[in-house]
Amino acid sequence: MATHALESFDDTLVDSEGAGLPASVLAQREAIPAIYGSIDFARMPERFSTDLADKVEMPARFTSRRAELLADTECLELIRAYTMTGDRTADAFAALMPDYGFRRLVDMLDLACEQGIEAVADAPAELRAFIAAMEAKPDWLDMELVEQGARQERNAHVHLTPFVLRGAFIATFMNKYSALPMALTGTLSNNTAARRAYETGSFFTSTLMPGALRRDGAGFKAAAKVRLMHSMVRANIMRSGKWDVGTYGVPIPQVDQMPAGLIGTYLMAREVLDSGRETFTPEERAKVELARYRCFLLGLPEDLLSDTPRGIEKLWLTRQATLRAEFDPETCGALLRATMVAEMTQGEGLFAGVKRWMEGGFSKLFFIEHFMGGDRKLAASVGVTMSAADKVAAIAALAFVHGRIRWFKLLAAIPVTREWADRRLVRKLAGLLETYGHADFITDASKYKPSV
C-alpha cells in the first residue's frame with residue numbers, strides 16, 4: 001500500500017496524548033491553529049466506532065466481515081488517522097481568509113493555475129506550497145495510462161451520468177456525521193441542491209476531456225478549486241465555534257473524500273471480485289489510474305489510493321465498518337428531500353420531458369441498488385420510494401443508456417470509426433459541461449446556516 005501524508009506509524013504517540021494517532025496528524029494543531037487549534041486529538045469522535053454492538057454504515061452483505069476488518073490493525077489505523085485528517089496544504093492557504101478574503105484567495109489560485117505561481121504578485125508561501133503539492137508527480141503516475149482511462153470512461157460517463165448524478169449525490173449525505181458540512185453551507189434548498197450536484201458533475205466531466213489532468217488542463221484547475229473549496233468549508237466551520245468536534249470530528253476528513261472520488265473504482269473492484277477475479281484487466285487498470293491521479297490532485301493521501309481490487313475493497317469497507325450509522329431527519333432528510341425534487345434535466349419539449357421522466361426513475365433505482373443494498377424498505381425509510389411509473393422509467397432509461405453505450409463501444413472497436421467516435425464523445429462531454437454551467441467551487445461563510 002502506498003504511503004503519503006502519514007509515511008509510517010513509527011511516530012505514533014501513546015493514547016493519552018493523541019488517541020494513538022501519528023504525530024503527523026497531531027501536527028495539524030500547531031501548523032494550522034485557526035482550524036485545528038481547538039481539536040482534542042486524544043479523543044476519537046462519536047462518528048468513529050469499533051464496537052461490534054454499534055450499527056455502522058456497512059451494507060448487509062458485508063456485516064459478517066466487520067470483525068475481520070477491524071482485526072486488520074494496519075488498515076484500521078489508516079482509517080482512524082484519516083478520520084482526523086484534513087488537507088494540511090490547502091487548509092493552510094484557506095486559513096488566510098481573514099487576511100485576504102475568500103474571493104482574493106480564489107483569484108490567486110486561478111491565476112497560479114492558469115499562468116504559474118510566478119504570475120501571482122507577492123504570492124503567499126501557503127499558495128506556493130499548495131501549487132507545488134499539486135504539481136508533484138507521484139512515483140506510480142503514468143500519464144499515458146491516465147489518458148487511456150479518460151478515453152475509456154467517456155462513453156459510460158457521458159451517457160450514464162445524467163441519469164445517476166442525483167442518486168449518487170444523495171448517497172453522499174445519507175449519514176449525519178459526514179453530511180453535516182454540506183448542510184451548514186446552506187445546501188438545503190431545491191436550487192442549491194441542483195447547483196451542488198451540477199458542480200460535482202462538472203468537475204468529474206471536466207477531468208475526462210483530453211489532456212484535462214495535465215498541468216495546463218482544465219481538470220487540474222478544477223481539482224485545485226474543489227480542494228480549496230473543501231478547505232474553506234473546513235476553515236469557516238471551525239471558525240464559527242459551533243462545530244461539535246466530539247461528535248463529528250474534523251470537518252470533511254480525508255476518509256469522507258473517498259466516496260465521491262472512488263465510488264466508480266470501488267464498484268468496478270466489486271464487480272471484479274464478484275466475478276472471481278483478483279486483478280484488473282488492462283482497460284480497468286487504466287480507469288483505476290485515472291481515478292487515483294484525480295484523487296491525488298484533490299489532496300487524498302496515497303495511503304487511501306490502492307490499485308488492486310482487494311486493496312480498494314478493504315479500505316472502502318473498513319471506512320464503512322468504523323462510520324457509525326445514523327440518519328438525521330433534520331439534516332440528512334432535508335438534503336435528501338431537496339435533491340429529490342431538484343430540477344436536474346434541462347430543456348423543454350417532448351424529448352426533454354421523456355429524459356426528465358427516465359432520470360427520475362433511474363436515479364432512484366441506482367441509489368437503491370448501489371447504496372441501499374437493493375433494500376426497498378430501507379430506502380423507503382429514508383424517503384426514497386419507487387412507484388410503478390418509476391420502475392417503468394428506470395427500465396426505459398436502462399434500455400436508452402445501454403443502447404447508446406453499446407453503440408459507441410461498437411464504433412470504438414472499428415478502426416475506421418474509432419477516432420470519430422471519440423471526438424463525438426468529447427463533444428458530448430462539452431455539451432454536458434455547458435448544461436452544468438459555470439462551477440464556482442467556492443464557499444461563502446456569509447451563506448452558512450449553523451445548526452450545531
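Trainee: Which residues are linked with R61 in a network of salt bridges?
Mentor: The model is predicted. Another is R65 and E313. The network links R61 with R65, R270, D274, E278, R310 and E313.

Trainee: How many residues apart are D274 and R61?
Mentor: D274 lies in helix α15, residues 258–274, while R61 is in the loop between α3 and α4. The pair thus links distant parts of the chain, and the separation is 213 residues.

Trainee: Is R61 buried or exposed?
Mentor: Exposed requires a relative accessible area over 50%, and partly exposed lies between that and the buried limit. D274 has 45%, so D274 is partly exposed. R61 has 52%, so R61 is exposed.

Trainee: Where is E313, the partner of R65?
Mentor: The side chains of R65 and E313 form a salt bridge at 3.0 Å, N to O. R65 sits in the loop between α3 and α4, and 248 residues separate the pair. E313 is in helix α17, residues 309–322.

Trainee: Why does E313 count as buried?
Mentor: Buried means a relative accessible area under 20%. E313 falls under that cut-off because its relative accessible area is 2%.
The value asked for is 2%.

Trainee: Which residue forms a salt bridge with D72?
Mentor: D72 is in the loop between α4 and α5, and its partner is in helix α17, 242 residues apart. The closest N and O atoms are 3.0 Å apart.

Trainee: How many salt bridges does a search of the whole structure find?
Mentor: The search of the whole structure gives 33.

Trainee: Is K287 buried or exposed?
Mentor: K287 is found in helix α16, residues 282–297. Its relative accessible area is 18%, and the buried class is under 20%. K287 is therefore buried.

Trainee: Which residues does K287 touch, not counting residues up to four places away in sequence?
Mentor: A contact needs heavy atoms within 4.5 Å. A393 is 29 Å from K287, C-alpha to C-alpha, and 106 residues away in sequence. With residues up to four places away not counted, K287 touches G149, Q152, E153 and M268.

Terms used: Residues are numbered from 1 along each chain as its sequence is written. This is a predicted model: local features need pLDDT of at least 70, side-chain atom pairs count only at pLDDT 80 or more; totals for chains, interfaces and linings use all residues. Side-chain values use heavy atoms; hydrogens and water are left out. Helices (H or I, at least four residues) and strands (E, at least two) are DSSP runs, numbered from the N terminus. Buried means under 20% relative accessible area, exposed over 50%, partly exposed in between (1.4 Å probe, protein chains only). A salt bridge is a side-chain nitrogen of Lys or Arg within 4 Å of a carboxyl oxygen of Asp or Glu.
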